[in-house]
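Subject: Structure handover

Hi,

Here is the structure I promised to pass on to you. Have a look at it first, and then read my notes below.

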Amino acid sequence: MCSSDLSAAALAITALLATGCGPSSEFKTALAGAQAGDPKAQLDVGLMYLRGTGVKQSDTDGVQWIKQAANKGLPAAQRTYGMMLRDGAGVNRKPDEGRSWIERAANQNDAAAQVEMATMLGLFSPPFEFVEAMKWALVAEKNNATNAAQVIKLLEAQRSEEHTS
């Protein structure tokens with residue numbers, strides 16, 4: 001192989017490295033924060049792994065980082081981890097444990113978790129617990145959850161339908 005072939009190969013390798021082989025700088029920055037113990041960075045890294053954003057996709061690594069952030073009490077991580085457990089997304093399905101994690105986030109005024117609690121209890125998981133579901137929906141509305149009003153209407157319709165059946 002002549003020196004021009006080696007130079008071309010070196011340029012090709014450099015180009016590959018510059019265009020996406022390996023973790024992105026955004027991922028590396030988030031990972032540094034996650035490794036330092038920042039729960040928000042841990043959630044971000046977990047989501048990046050799950051989506052394959054800036055790093056090779058990995059459910060295992062994604063779940064690990066999200067669980068660490070959830071264990072540190074970050075409501076968004078608790079909600080995310082709980083939904084993963086409830087739905088069996090990237091983990092073994094454990095609906096009761098998932099509900100527990102979502103409820104932890106809801107109790108910390110995570111409006112999205114409050115909406116999740118309302119929909120789980122009143123729309124998707126018989127036997128329905130309408131009073132508890134409505135409580136969560138109203139709290140979510142008070143916390144400005146964008147879809148709380150829609151959930152309230154669905155709960156009211158579900159409740160009416162149950163009484164007429």
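Is the crossing of α5 and α7 left-handed or right-handed? The answer is left-handed. Before I go further, please keep in mind that this is a predicted model.

**α5 and α7**

Let me stay with that pair for a moment. Helix α7 covers residues 111-124, and its axis lies 10 Å from that of α5, at an angle of about 25°. Angles under 35 degrees count as roughly parallel, so α5 and α7 are roughly parallel to each other. On the α5 side the contact is made by R79, M83 and R86, which meet A112, A113, E116 and M120 of α7. By class, the residues of this contact are 4 nonpolar and 3 charged, with no polar ones.

- R79 sits in helix α5, which spans residues 75-87. With a relative accessibility of 18%, R79 counts as buried, because the cut-off for buried is under 20%. The side chain of R79 makes a polar contact of 2.8 Å with the side chain of D110. Setting aside residues up to four places away in sequence, R79 touches W101, I102, A105, D110, A112 and A113.
- E116 belongs to helix α7. E116 is buried too, with a relative accessible area of 18%. Apart from neighbours within four places in sequence, E116 is in contact with M83, R86 and I102.

**α7 and α8**

On to the next pair. Helix α8 runs over residues 130-142, and it packs with α7 at an angle of about 160°, with the axes 8 Å apart. That makes the two helices, α7 and α8, roughly antiparallel. Their crossing is left-handed. From α7, the residues A111, Q114, V115, M117, A118, L121 and G122 take part, and they meet F130, E132, A133, W136, A137, V139 and A140 of α8. This contact of α7 with α8 has 11 nonpolar, 2 polar and 1 charged residues.

**α4 and α5**

Helix α5 also has a contact with helix α4, which is made of residues 59-71. The axes of α4 and α5 come within 8 Å and cross at roughly 130°, and α4 and α5 are therefore oblique to each other. Here again the crossing is left-handed. V63, I66, K67, A69 and A70 are the α4 residues in this contact, and A77, Q78, T80, Y81 and M84 are those of α5. Sorted by class, the contact of α4 with α5 has 7 nonpolar, 2 polar and 1 charged residues.

**D96 in α6**

One more residue for your list is D96, in helix α6 (residues 95-107). Is D96 buried or exposed? At 69% relative accessibility, D96 counts as exposed, since the cut-off for exposed is over 50%. The C-alpha atom of D96 is separated by 8.4 Å from that of L85, and these two residues are 11 apart along the chain.

From R79 you can go on to A112 and A113 in α7.

Key:
Residues are numbered from 1 along each chain as its sequence is written. This is a predicted model: local features need pLDDT of at least 70, side-chain atom pairs count only at pLDDT 80 or more; totals for chains, interfaces and linings use all residues. Side-chain values use heavy atoms; hydrogens and water are left out. Helices (H or I, at least four residues) and strands (E, at least two) are DSSP runs, numbered from the N terminus. Buried means under 20% relative accessible area, exposed over 50%, partly exposed in between (1.4 Å probe, protein chains only). A polar contact is a pair of N or O atoms within 3.5 Å; within protein, one must be able to donate a hydrogen and the other to accept it, and residues adjacent in sequence count only if both atoms are side-chain atoms. Contact means heavy atoms within 4.5 Å. Axes are lines fitted to C-alpha atoms, for helices over the stretch in contact, and angles run from 0 to 180 degrees between N-to-C directions. Angles under 35 degrees count as roughly parallel, over 145 as roughly antiparallel, 65 to 115 as roughly perpendicular and the rest as oblique. A crossing is left-handed if the near helix is turned anticlockwise from the far one by less than a right angle, and right-handed if clockwise. Ala, Val, Leu, Ile, Met, Phe, Trp, Tyr, Cys and Pro count as nonpolar, Asp, Glu, Lys and Arg as charged, and the others, Gly among them, as polar.
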